[in-house]
Amino acid sequence: MTERLDHTPAVAPVRGPRALIFEVGSPESRCTEAPAIDVPLGKIDALLGGRARTAPPTLPNVTELEIMRHYAHLATMNFGVDSGMYPLGSCTMKYNPRINEDACRLPGFAGLHPYQPEETVQGALELMVGLADALGEISGLPGVTLQPAAGAHGELTALMVFRAAHTAAGNPRKKVIVPDTAHGTNPASVAMCGWEAVTIPSDERGLVDIDALKAALDTDVAAFMLTNPNTVGLFDPQILEITEAVHSVGAFAYCDGANMNAILGKARPGDMGFDALHINLHKTFSTPHGGGGPGSGPVCVTADLAPFLPGPLPVAFDSGGLGLGWPEYSIGRVRSFYGNFGVLVRAYAYIRALGGAGLTEVAEQAVLSANYLKSRLETAFEVPYGPTCMHEFVMSGERQKAENGVRTLDMAKRLLDYGFHPPTVYFPMLVHEALMIEPTETEPLSALDAFADAMLAIAEEAASDPELVKGAPYTTPVRRLDEAGAARNPDLRWRPAGE
Amino acid sequence: MGYIPVTCEQREAMLRAVGVPSIDDLFAAVPEAVRLTQPLDLPEPMGEIELASHLANLSAGNAPATELVCFLGAGSYDHYIPSVVNHVLSKPEFFTAYTPYQPEVSQGTLQAIYEYQSMICGLTGMDVANASMYDGATALVEAALMAARVTKRHRIVCSPTIHPEWQHTLATYAEAGVIELSTFAPVSAEGLTSLDGTDGLESLLEGGDVAAVLVACPNFFGNLEDLDAIGRLAHDAGALLVVASNPILLGIMEPPSTYGADIVVGEGQPLGNAMSYGGPGLGFFACRMTHVRQMPGRLVGVTTDTDGNRAFVLTLSTREQHIRREKATSNICSNHALNALAAGVYLSAVGPEGLAGIARSCVAKAHYLREKLLATGRFTAPWETPFGYEFALAYEGDVAEMQDALLSMGYLAGASVADVEGEWPTGIDENLAAKLVLFAATEKRTRAEIDSFADEVVSL
């Protein structure tokens, strides 16, 4: 098979052994040694009431250089936003400004203990209040909690707030409606909140089927969850009719804010009739994704729902100064302490860098860049919904599958050989062979063009040499993996020989 | 200041390519009634110099524990973070990457998580650990939910000596009705979970309908619980034993698996993560292989690629929300991968011997601190129970006044039990709780600091 590579691979191939950290070093290797103990030390087993370990835990023995080489090696096998364009739909892989990284590491932030007296954390509380106020203004929903650790955690928190409000009104209700384009976290959060998730189909435009929604609405419905703009990249123009219908049966309208980056400064969920929204700070407000977290999922709610928010929340005392307080009918705690503070610092820094006009530009450029890419690709690929999109769009690989037997997965893997991270694939599920593309506002035009060129080249390869695409990737540190085998015989941890 | 590289000229060209006259045309779907006509009312933008200065000022508005002499613990601990940790975490290939859904270009993250999973298994003695949860409190909730799925029962018995914030979190989740929470009271005279008596664990397990017994060791008061007895009671009643552990102490203590734990969770912040005002932390979660398909969260496993090379991949994903939706084992998607990476680097840096040494140092210093404080005559011991590196003493006077006075001398003089309890009393006698102060001493504290601290207490 020919590899035909005249472009930069996504990740430079790494040859040589990829040892586990347990396989590096020797029993004598040491990095950080424990400090000498300068106080009397009794017999440990006696101090621990006879609970001392008889055998040490299985951990690596390595030197400092071995650690740095090991992780340097692992880093070369990874692709991040700094490596190249990462157009992962719905995930908003934008540039992570470095000053935000510096900020969260300042000793006055990173070194704070959560139970320090309030007078010693006034700067931290001021930052949290500033961020909460900004999110309230951006969302049009004035009640804000910064506690949830991630988007899914925020969804669940908002649903708990709804449940408390319904219960206070005398009927906790039974079910929550989600469209078929919803993120999987939506129905999963509904189940964790003790409700039944009812899925309704989208209409032929990829929007809420308003008749199906109205048919599903009754007084057993606690809420309707909608991502707007939705996961096919469309803003639902029926939004006011939707929220009015939801409210007409006494249910709450929930906005999954995963795509909030598309409407910053252009429209506010609160003005659309939503009662609550979560915001993924790690998407819209540029905090890094960290290879799968930590994120942060603040929740914004109407003034009516604010008394139910989880506590404690930063508050300004009449006497001056800031502290922590509890909303009147709080649902309680949803986690330890007050939120993923280190992530909040980064998002706050981002908002202060951009200001109101800067945030509007973020949305405008994100939407323009997505439309530009779409215009460059729609001749070669099926684009089921349109004519324009918001910050992302969904294409289908149906044509390539039908004509060449090349699946979306194959094209995604081939993109790796061209130096790009693939888009989100096979989501949303209502589009067959879906490719969900979100370029973000931080990609230069040259990168958008290079990505479009690569996609078009792959479409040509699919026609001229389908086996080439089906065998991709060729240039990555590992080739395609046996995922079924991993699930069939799970090997989820290293064990020392003989254990 | 902005991060948009496209020029005005390029914007015009892009609009022409799209075929619309202006950007506003792309927002045509937004009903006019909700379109914003003026910019958001936010503070003016800042350039980098101004921003750096503003953030430095906010930071300087705090007096961080790391720059004081910190005897505060209660769920967040002032351990030393080896320099290598931040250097590894700062590698952009790690922190600017997404969840490793494309394994061919995510082997770094995947292998690091696999190594982390292995280390957590090594510490806890369990068969399998997931890629992380948000924090100790939510890991405990997930353990309770998982126990309900495994046993097909709904009642959860939670020890009253678990951190009040964790109990409170559990109670918030239980409101939804998926699990039913029974806390048991009172705390025994030894500062432990009461096993017998009318309200004790034994009587609570009588109905035979309990999914899990949740217990922390060390508990909120720093005391070491009798896991052997609690485990036997739980298992005799057909319930799972869920243990919350301190990962530093697992360097020198028998792992919970020794006592038959079915699920082990905990707060992993002490493993190389900054306290950062309480977040992001790291929830670690480990269990038996027999229950792996009921686990929440991501798992990394080993496989091979088409060339036969060893490789790593997210696996058993049919448990997860993006596949199973409302039938998933949890709604968790983003977890705390970077904090798990920090824990992996930390545990590699210290190794088994270093971790044991750090744990011994913490235990020795905490015991020394306790003796010195008792010797001041201002504190009395509520109990004589084995503990790790955190303990509670009753103060003779006003706790807040004592803490204020010592703060002005540069000490964080422990956590008031009544203050931490806040909205969620542990069930310990109120008058005692008002006097109790929780002190922690990590390996960072020196004998000189402890001696001076005790002297200052005497001088109050």
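Reader: Does B:L316 count as buried or exposed?

Author: B:L316 has 20 C-beta neighbours inside 10 Å. A residue is buried if 20 or more other C-beta atoms lie within 10 Å of its own, exposed if 12 or fewer, and partly exposed in between; C-beta atoms are placed from the backbone. So B:L316 counts as buried.

Reader: What kind of model is this, and what pLDDT do local features need?

Author: Residues are numbered from 1 along each chain as its sequence is written, while chains are lettered from A and ligands numbered from 1 in the order in which they are written. The model is predicted: totals for chains, interfaces and linings use all residues, side-chain atom pairs count only at pLDDT 80 or more, and local features need pLDDT of at least 70.

Reader: Where is B:L316 found?

Author: Phi of B:L316 is near 50°, a positive value in a residue other than glycine. Helices (H or I, at least four residues) and strands (E, at least two) are DSSP runs, numbered from the N terminus. On that basis, B:L316 is found in the chain B loop between β10 (310-314) and α10 (321-324).

Reader: Which loop of chain A holds A:E433?

Author: A:E433 takes a positive phi near 50° and is not a glycine. Most residues other than glycine have a negative phi. A:E433 counts as buried, with 21 C-beta neighbours inside 10 Å. Its loop in chain A lies between β11 and β12.

Reader: Which strands of chain B stand at the edges of its four-strand sheet?

Author: This open sheet runs in the order β11-β12-β15-β14 (chain B), with antiparallel pairing. Each edge strand has a single partner, so one side is left without a neighbour in the sheet. The edge strands are β11 (379-380) and β14 (415-416) of chain B.

Reader: What angle does the direction of helix α11 of chain B make with that of β12(B)?

Author: β12 (residues 390-395) and β15 (residues 436-440) of chain B pair over five bridges, antiparallel. Helix α11 (residues 337-375) of chain B packs on the sheet, touching β11, β12 and β15 of chain B. Axes are lines fitted to C-alpha atoms, for helices over the stretch in contact, and angles run from 0 to 180 degrees between N-to-C directions. The angle between α11 and β12(B) is about 10°.

Reader: How many residues of strand β8 of chain B are buried?

Author: B:G283, B:F285 and B:C287 are buried on one side, B:F284 and B:A286 on the other. The strand (residues 283-287) is therefore largely enclosed by the rest of the structure. The count is five of the five.

Reader: Which residue is the bridge partner of B:E267 in β8(B)?

Author: Strand β7 (residues 263-267) of chain B runs antiparallel to β8(B), joined by five bridges. The loop between β7 and β8 of chain B holds B:P280, and a cis peptide bond joins B:G279 to B:P280. B:E267 bridges to B:G283.

Reader: Why are the buried residues of α9(B) on the same side?

Author: The buried residues of helix α9 (residues 227-236) of chain B are B:L227, B:I230, B:G231, B:L233 and B:A234. They share a side of α9(B) because the arc they cover around the axis, taken from the directions from the helix axis to the C-beta atoms, is only 165°.

Reader: How many residues does the contact take from chain A and from chain B?

Author: Two residues are in contact if their C-beta atoms, placed from the backbone, lie within 7 Å. The contact takes 176 residues from chain A and 174 residues from chain B.

Reader: Which helix gives the largest share of the side of chain A that touches chain B?

Author: The share is 22 residues. It comes from residues 341-377 of chain A, helix α10.

Reader: Which residues does A:D491 touch?

Author: A:D491 is in the segment after α15 (483-488) of chain A. With 16 other C-beta atoms within 10 Å, A:D491 is partly exposed. Not counting residues up to four places away in sequence, A:D491 touches B:G301 and B:V302.

Conventions: Two strands pair if DSSP finds at least two bridges between them.
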